[in-house]
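Dear colleague,

I am handing over the structure below, and my notes on it follow. Please read them alongside the coordinates.

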4 protein chains.
Amino acid sequence: MADARIPASGHVGPEPGPAAPRRGRPRSEEADRAILAAASEVLAERGLAGMSIEEVAARAGVGKTTIYRRWPSRGTLALDAFLAEFQGQQPLPDTGSLREDLLAALRAWMRSVTGTSTGSILAGLIAEAQRDPGLAVSWRERVVERLRDQHKIMLDRAVARGEIPAETDYEVVLDLLFGAAYHRLLQGHQPLTDQFARQVVSYLVAGLQHT
Amino acid sequence: MADARIPASGHVGPEPGPAAPRRGRPRSEEADRAILAAASEVLAERGLAGMSIEEVAARAGVGKTTIYRRWPSRGTLALDAFLAEFQGQQPLPDTGSLREDLLAALRAWMRSVTGTSTGSILAGLIAEAQRDPGLAVSWRERVVERLRDQHKIMLDRAVARGEIPAETDYEVVLDLLFGAAYHRLLQGHQPLTDQFARQVVSYLVAGLQHT
Amino acid sequence: MADARIPASGHVGPEPGPAAPRRGRPRSEEADRAILAAASEVLAERGLAGMSIEEVAARAGVGKTTIYRRWPSRGTLALDAFLAEFQGQQPLPDTGSLREDLLAALRAWMRSVTGTSTGSILAGLIAEAQRDPGLAVSWRERVVERLRDQHKIMLDRAVARGEIPAETDYEVVLDLLFGAAYHRLLQGHQPLTDQFARQVVSYLVAGLQHT
Amino acid sequence: MADARIPASGHVGPEPGPAAPRRGRPRSEEADRAILAAASEVLAERGLAGMSIEEVAARAGVGKTTIYRRWPSRGTLALDAFLAEFQGQQPLPDTGSLREDLLAALRAWMRSVTGTSTGSILAGLIAEAQRDPGLAVSWRERVVERLRDQHKIMLDRAVARGEIPAETDYEVVLDLLFGAAYHRLLQGHQPLTDQFARQVVSYLVAGLQHT
DNA sequence: TCGTAACCGAGACGGTACGTCTGGTCTTTTT
DNA sequence: AAAAAGACCAGACGTACCGTCTCGGTTACGA
């Protein structure tokens, strides 16, 4: 099975300073690191809802302005702290079979969000995005779209192999696959079991092949 | 098409006082009404994130304690205010065809959450439930489970008609159907169009009939 | 030494109910007792500032209205609870000597206000009277004037014995005697020692006899 | 007659911040002034019992924390607002005669506490000090002891002039003089007339000279 | 080399809302 | 009619954070 991490492109990390002449004292990378580390710590301990800029600044030994200079809001800071760990845990499976690809992708996602605090941080970020439009944009651009683009490659391959028709609506397929998973994560009405993953993929693959 | 609203069973409204002999001055139903009306008003204007207990109390002409006596948190109050409108808008379609039933149910849900502020209030409630465990429980019991129980009846009928196998995993089916829809509502990466609804149902029905 | 307690005249206890025909259920004397006992308890534990009607009602097993029906304010309730103990501890000495009479009266007062919580309750009542005009009136009528009237008898006797002139200004004399003592109680800048009592009386008697 | 105001030594004003290197943004003196002015205003209008931190903050156009950062309690704030006016109204008379010195000092005090709201504010402060130990300490240190130290100078001079014995107990003398006055202020049983002042001083001076 | 621009940590600033407490009143049922 | 119970409106409490601002100081660049 091949495996391709999300390229660490774009940026993971704080807002860049002014592009051009770079006069004055440069931003401290040490501060960047200390802030993200402190944020991760607090996120793991208390979740996003319990994370205040005040506490992150105190733990990082940094002034609050130093944080606000880099991130416009609590949510975007949390996003960067989150991505540092989450990013790269979402593989692009390539098994030669759509069923196995989808199952591997879903299992990888589920592995990330269960067990540790990652799942509830992810849920917290989606929650925060409902009230912070800036975070909503970042979230879509840097997480949702990125992952979807990657997952669409699996579908491309399946089309190329003739497993599914070329007219397949990729967007809807991915909404079905991950929508179901996010649904359980956010509503908590049912657990994210492997049996669940298998069933989801079964119904989905069958549906794609008979439409 | 037959149509059955969710029975207003259980309770919609504030926490009940002590069950037994009801000593002392009874809770004011007038206050109940004023609080819920004020909460609905604020929710529509500013969304859940912008709703403070303080403002609801002021608008309702009520002391803050009168609210805290009935609802343990902002979220549970918002839930009651929300349900007063949302409840009863989710029909139980009975068209004689699984495809049409699922489509009608999904379309009804989409009608509720688009156009007005209901959609973002619903999203706000799910967001709030991520940080308020009490709300999470109420949300599951009074919204999620209730709706799912109702929707399972559609699947029962389809089984009875022989459209789908008796072994069908109802939980997964509903997660696929509504998970996809909630996904678009919460992530906002794609709009909730009727084309989306038709595609979701098509893939799903095909998948159920060929597994 | 003769000794005459303040007659328990006037009233110690709650406001009288309606004078005339006494219809309906009679006031419960049991409640009176329970309230005063509870008030004394709380006063001793937390002082007047820490005594709330709410807590007294709860400890007495009585509704708040039952207290408000009898006493117009926290202060007047505290006054009654206080007087139940303080009243009768202030003797009217009759030793045959002004110096000894004054000294005995001052010592009796000092004995009352030191050692137990009585002193700080008394201070608390004077404090409360600064913000509760009703209490101020009761305090003057039922404590200050009563005690002063009694103490003036000592001065009458001294005049009769020819120890001090008939023109002596009783009011000023008592203000000097007890004013000094209250001063130390309330300001706390110096302790209420027996040495203090003797000095006060010495200066005072000397002053009276040479004016 | 010479006249010496209390030196504005020690401090009149809010709690000092940390002594040493003064890091961070310095406390705003503008805020200090606005708070004290607002407090004085409210004190004059409603008295200490009717003064809330909330209202002072609102009138001063200042956050509540800005007040709490400087003063630990309502009482200590009121004390500073009070002292700004009271301080300096208490002269140190030097007439060459003990009788005249005492009379002048007592009359100055009486002038301060009658007529305007100063008297009831002073009474309110003493009342508040009964329930706020921090205020009690400040009150003793910054008002009582300061004034007494000043007044003892009058007694020193009288001793030097041979008017009274060197063994005179200054503490008791001052307790008699001002105790009587505070007594009338706080108990309200008799008015603070000039006749009262003359009588008090007469008895006291006579007493001192014949003991 | 020197000025100046942008950064740094610290902490005060004006605000908003929190959830609690108490005051004094009102409304039930029970005695 | 008074009792116990407990809900009612009102409003202050002291705290936590928000996002901004002002200090005294530190880097680095460009004149």
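Between which helices of chain C does the loop with Gln90(C) lie? Gln90(C) is found between helix H4 (74–86) and helix H5 (98–113) of chain C, helices being DSSP runs of H or I with at least four residues, numbered from the N terminus. Please note that this is a predicted model, in which local features need pLDDT of at least 70 and side-chain atom pairs count only at pLDDT 80 or more, while totals for chains, interfaces and linings use all residues. Residues are numbered from 1 along each chain as its sequence is written, chains are lettered from A and ligands numbered from 1 in the order in which they are written, and side-chain values use heavy atoms, with hydrogens and water left out.

Gln90(C) counts as buried because its relative accessibility is 2% (buried means under 20% relative accessible area, with a 1.4 Å probe and protein chains only). Its side chain is joined to that of Ser112(C) by a polar contact of 2.9 Å (a pair of N or O atoms within 3.5 Å, where one must be able to donate a hydrogen and the other to accept it, and where residues adjacent in sequence count only if both atoms are side-chain atoms).

Leu185(C), which is placed in helix H8 (residues 170–187) of chain C, also counts as buried, at 18% relative accessibility. Leaving aside neighbours within four places in sequence, Leu185(C) is in contact (heavy atoms within 4.5 Å) with Trp109(C), Val113(C), Gly119(C), Leu122(C) and Leu192(C). The C-alpha atoms of Leu185(C) and Gly119(C) are separated by 7.5 Å, although the two residues are 66 residues apart along the chain.

Best regards

Definitions and conventions:
Helix = DSSP H or I, 4+ residues; strand = E, 2+ residues; numbered from the N terminus. Buried < 20%, exposed > 50% of the residue type's maximum accessible area, 1.4 Å probe, protein only.
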